[in-house]
Amino acid sequence: MKDKRHRLDFLIDIFPFGTAPFIILMITLFASLWLVFHPAVRKKGNLSLWVFAHMHYNAYKKLAPEFEKSHPGTKLDLQMVHITAVTSRLRSAMWAGIDVPDMVEVEISFAGTFFAGPVEQVGFMDLKPWLTSSGLYDRMVKSRFAPYTNRGKIFGLPHDVHPVMLAYRRDLFEQEGIDLSKVATWEEFAEIGRRLTIPGKRYMIQLSDSGHGHIETILFQRNGGYFDKDGNVILDNEIAVETVKWYIPLVAGKDRIASDIGGGVVFTKALEDGYILSLLCPDWMTKSVEDDVPRVSGKMALMPLPAFEQGGRRTSTMGGTMLGITEKCKNKELALDLTKMIYLNREDLADRFRITNIIPPYKDAWDHEVFREPRAYWSNQPLGKVFIDLADDAPPQYTSPYIWVAKMKLGEVVASCNIYYSQNGEKGFDEFVRLRLKKAADDIRKLMRRNPF
Amino acid sequence: MNIRSAKFFLLQRKAAPYVFLSPFIILFLVFGLYPLVKSLILSFYITSGPKARIFVGLDNFRFLMGDRDFHTAVKNTTVFTFFSVFLQLPLSLGLAMLLNHSLIKGRNFFRFSFFSPHLFGQVFVAVLFGIIFAPQFGLLNRILHFFIPQIPSDTKWLANPKLIMPSIVLTSLWMYVGFNMIYFLAALQAVDRDLYDAAHVDGANAFHRFLHVTLPGIKPVAVYVMILSTIGSFQLFELPYVLLGQSPGPDNAGLTIVMYLYLKGFEAGDLGYASTIGWTLALGVLVISLLQVRIFGMWKREA
């Protein structure tokens with residue numbers, strides 16, 4: 001029988017390792033050549049801006065053509081980056097010195113971590129000279145610079161104030177014959193809560209029983225927090241002790257009046273069903289509530305937070321965003337121009353409020369009529385005005401490169417105190433709270449002492 | 001063949017192995033060896049980003065030994081590994097034996113069904129279980145409360161420090177039992193049928209056949225799966241990280257070693273300390289793996 005020669009067998013003569021390795025080699029070769037001659041498309045813009053909030057992205061995208069028109073030759077490269085990715089991607093970019101954006105919005109919880117190391121090596125431009133020379137510093141809510149200030153330099157422009165109010169199911173309280181807006185102190189609030197709470201069915205307020213999210217808001221309301229303005233740890237001071245001792249019985253034990261329901265669809269159902277009657281609500285959250293729980297439109301209302309003593313502070317703050325210009329930015333003047341347009345333009349801020357419900361820290365915009373428009377969802381309250389009335393009283397949140405660790409430690413304290421209180425009640429609780437807070441604060445101090453920068 | 005082409009052929013023969021190996025070697029040097037060496041060097045420094053660093057010798061390792069958060073991470077990871085190995089593997093083996101039985105109808109369908117959770121990836125599974133574990137309105141609470149009314153419907157699986165680890169283990173079981181089942185299934189099918197017949201003729205009952213025929217037959221695969229599961233469990237990261245909302249959970253109950261490494265390196269920005277954690281983990285896993293190999297090696301000699 002005559003051997004039939006395969007069409008590809010001639011390859012054996014020039015490449016003796018077989019047809020398959022030859023094909024693999026060719027594919028590798030062609031793929032490599034393709035990559036060499038088709039490099040990734042370079043970004044087209046000459047001013048890049050990263051944002052993590054969809055609403056910001058859409059708002060800035062609308063402004064981009066106008067900005068480009070007023071700055072011939074400029075192309076804005078606006079990129080939407082996930083909130084978690086902003087931190088890791090920005091940090092990696094800054095470390096590597098590659099692909100660092102010119103401008104970036106950073107979430108408040110992580111902002112402080114970018115200010116670590118020698119101050120001259122912080123990756124953001126110091127905005128203080130520009131803010132003071134332009135007079136902008138005095139026209140904004142000053143407490144909002146605190147989270148973005150480190151060693152006397154201001155590395156970020158605040159996007160918001162985020163004063164906190166109490167959002168509540170007005171209809172359900174009225175059914176019980178209670179006008180909650182008349183409640184002035186947390187003591188009165190808790191008393192009503194104990195009357196209305198039905199374990200497993202209805203709770204007075206949504207509060208976290210294991211994380212730092214809500215208790216830090218209460219701490220700020222009482223002028224407490226994680227750090228003082230000089231960056232010293234104050235997590236174990238008397239304000240913190242008293243706050244934890246006040247907070248834990250609300251979320252733990254048989255007489256609790258709060259439930260930690262979480263977010264998403266579960267939150268929607270809980271608010272619709274009246275499982276929770278009220279919640280701590282900054283301005284940005286009012287939009288989420290409107291979008292996620294449309295069925296309670298007209299049944300919700302807002303009121304200032306109850307105070308800890310008669311005449312005390314009636315608000316706090318929750319969340320935030322800064323806009324930073326990176327040191328890598330080649331055209332800082334251009335970046336400052338864009339900053340003015342997206343953060344300091346009265347009409348644009350008013351437009352954005354319509355979409356986001358977020359009031360700006362730029363006080364010149366506050367007299368715009370949009371902030372006085374009544375909102376049907378919130379029982380026809382003028383949403384902007386009710387938050388603006390409290391904005392100047394929003395407490396500062398001082399930060400440190402160790403802010404993330406401090407938040408984690410406070411969460412640990414809440415979780416452990418919750419367990420202790422559920423098992424032992426008031427017996428030995430004061431001592432336990434002091435011990436846990438001291439331990440948490442000492443852990444942070446220990447880390448800080450190691451920092452040679 | 002003339003002299004020129006013979007020389008070319010000879011050169012080709014000599015160079016070819018190196019040409020084929022070169023992509024791997026280059027990639028390994030750039031993305032494997034260099035970062036390894038770099039991270040080892042970094043572990044002797046306190047850093048703030050890549051530019052600011054101060055040599056501290058072994059101080060990072062000394063600090064790590066007294067770091068309470070690291071202790072918590074080690075404890076959590078060890079607990080997870082223990083339950084992963086000692087719950088997952090018997091379940092996988094049991095499932096494999098069940099689906100290897102000729103009396104089971106639709107075996108291929110069930111095999112695929114049990115294997116399929118692994119195809120989704122840890123992030124998707126974590127998001128899914130985040131909804132299932134939700135208090136009050138989550139599926140798990142609804143079902144449990146329906147059948148056992150004594151269990152409160154607002155049980156906080158992901159907010160109660162005591163329930164977090166069981167929740168992670170449960171999620172991981174759902175994901176990996178089917179995956180490991182495939183290994184055991186392959187091993188079971190490779191066991192010589194004649195041995196079962198011989199054992200049957202000798203009067204061995206089902207348990208004895210399992211103990212003396214099945215187990216020795218699948219031992220190499222079982223050891224492989226056990227070592228792989230141990231290493232994989234010590235590297236646990238995405239599942240708890242996403243399940244607990246990108247945090248270690250209340251009271252650090254879901255903090256694992258790799259999560260701690262990530263948080264220190266990429267959230268807190270201390271690459272030096274993160275490298276120290278990484279090298280400590282690598283050494284720990286190496287020791288445990290060697291121990292496992294040694295224990296099973298001794299077992300082999302005894303047999």
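Colleague: Which strand is joined to β10(A), and do the two run parallel or antiparallel?

Modeller: Strands of a sheet pair through backbone hydrogen bonds, and the pairing is either parallel or antiparallel. In this predicted model, strand β7 (residues 164-169) of chain A is joined to β10(A) by five bridges, and the two run antiparallel. Y168(A), for one, stands opposite S278(A) of β10(A).

Colleague: Is strand β10 of chain A enclosed or open to the outside, and why?

Modeller: Count the neighbours of each residue; 20 or more other C-beta atoms within 10 Å make a residue buried. In β10 (residues 278-282) of chain A, five of the five residues are buried, so the strand is largely enclosed by the rest of the structure.

Colleague: Which residues of β10(A) lie on each side?

Modeller: S278(A), L280(A) and P282(A) are on one side, with L279(A) and C281(A) on the other.

Colleague: Which residues have the most contacts inside the largest nonpolar core?

Modeller: In soluble globular proteins, nonpolar side chains tend to be buried together. Here the largest nonpolar core has 182 residues, and M165(A), L235(A) and C281(A) have the most contacts inside it. Helix α16 (residues 403-424) of chain A gives the largest share, eleven residues. Domain 1 (47-158 + 319-390) and domain 2 (174-317 + 396-450) of chain A each supply at least three residues to this core.

Colleague: What is M165(A) in contact with, beyond its neighbours within four places in sequence?

Modeller: Its partners include C281(A), L302(A), M303(A), P304(A) and L305(A). T315(A), V386(A), F387(A) and L390(A) are also in contact with M165(A).

Colleague: How many residues of helix α16(A) are buried, and what span does the helix reach?

Modeller: α16(A) is mostly covered, with 16 of its 22 residues buried. From first C-alpha to last, α16(A) reaches 31 Å, close to the 32 Å expected at 1.5 Å a residue. G425(A) follows α16(A) and has a positive phi, near 65°.

Colleague: What is the strand order in the open sheet of five strands, and which strands stand at its edges?

Modeller: The order in chain A is β2-β1-β3-β12-β6, and the pairing is mixed. β2 (76-80) and β6 (157-158) of chain A stand at the edges; each has a single partner strand, so one side of each is left without a neighbour in the sheet.

Colleague: Where does a helix pack on this sheet?

Modeller: Helix α13 (residues 332-343) of chain A touches β1 (47-51), β3, β6 and β12 of chain A. The direction of α13 makes about 155° with that of β12(A). As for the pairing, strand β3 (residues 103-107) and strand β12 (residues 321-325) of chain A run antiparallel, joined by five bridges. The bridge partner of M103(A) in β12(A) is I325(A).

Colleague: Turning to chain B, is V242(B) buried, exposed or partly exposed?

Modeller: V242(B) counts as partly exposed because it has 18 C-beta neighbours inside 10 Å. Its place is in helix α11 (residues 238-243) of chain B. Apart from neighbours within four places in sequence, V242(B) is in contact with V123(B), A126(B) and V127(B). V242(B) and Q122(B) are 120 residues apart in sequence, and their C-alpha atoms are 8.5 Å apart in space.

Colleague: What share of chain A is buried, and how many helices and strands does the chain have?

Modeller: Buried residues are 45% of the 453 in chain A. The chain has 17 helices and 14 strands.

How values were computed. Residues numbered from 1 in each chain as written. Chains lettered and ligands numbered in written order. Predicted model: local features only at pLDDT ≥ 70, side-chain atom pairs only at ≥ 80, totals over all residues. Core = buried A, V, L, I, M, F, W, Y, C linked by C-beta atoms within 7 Å. Buried ≥ 20, exposed ≤ 12 C-beta atoms within 10 Å, placed from the backbone. Helix = DSSP H or I, 4+ residues; strand = E, 2+ residues; numbered from the N terminus. Domains from an automatic or database assignment. Contact = placed C-beta atoms within 7 Å. Expected span 1.5 Å × (residues − 1). Pairing = 2+ DSSP bridges. Axes fitted to C-alpha atoms, helices over the stretch in contact; angles between N-to-C directions.
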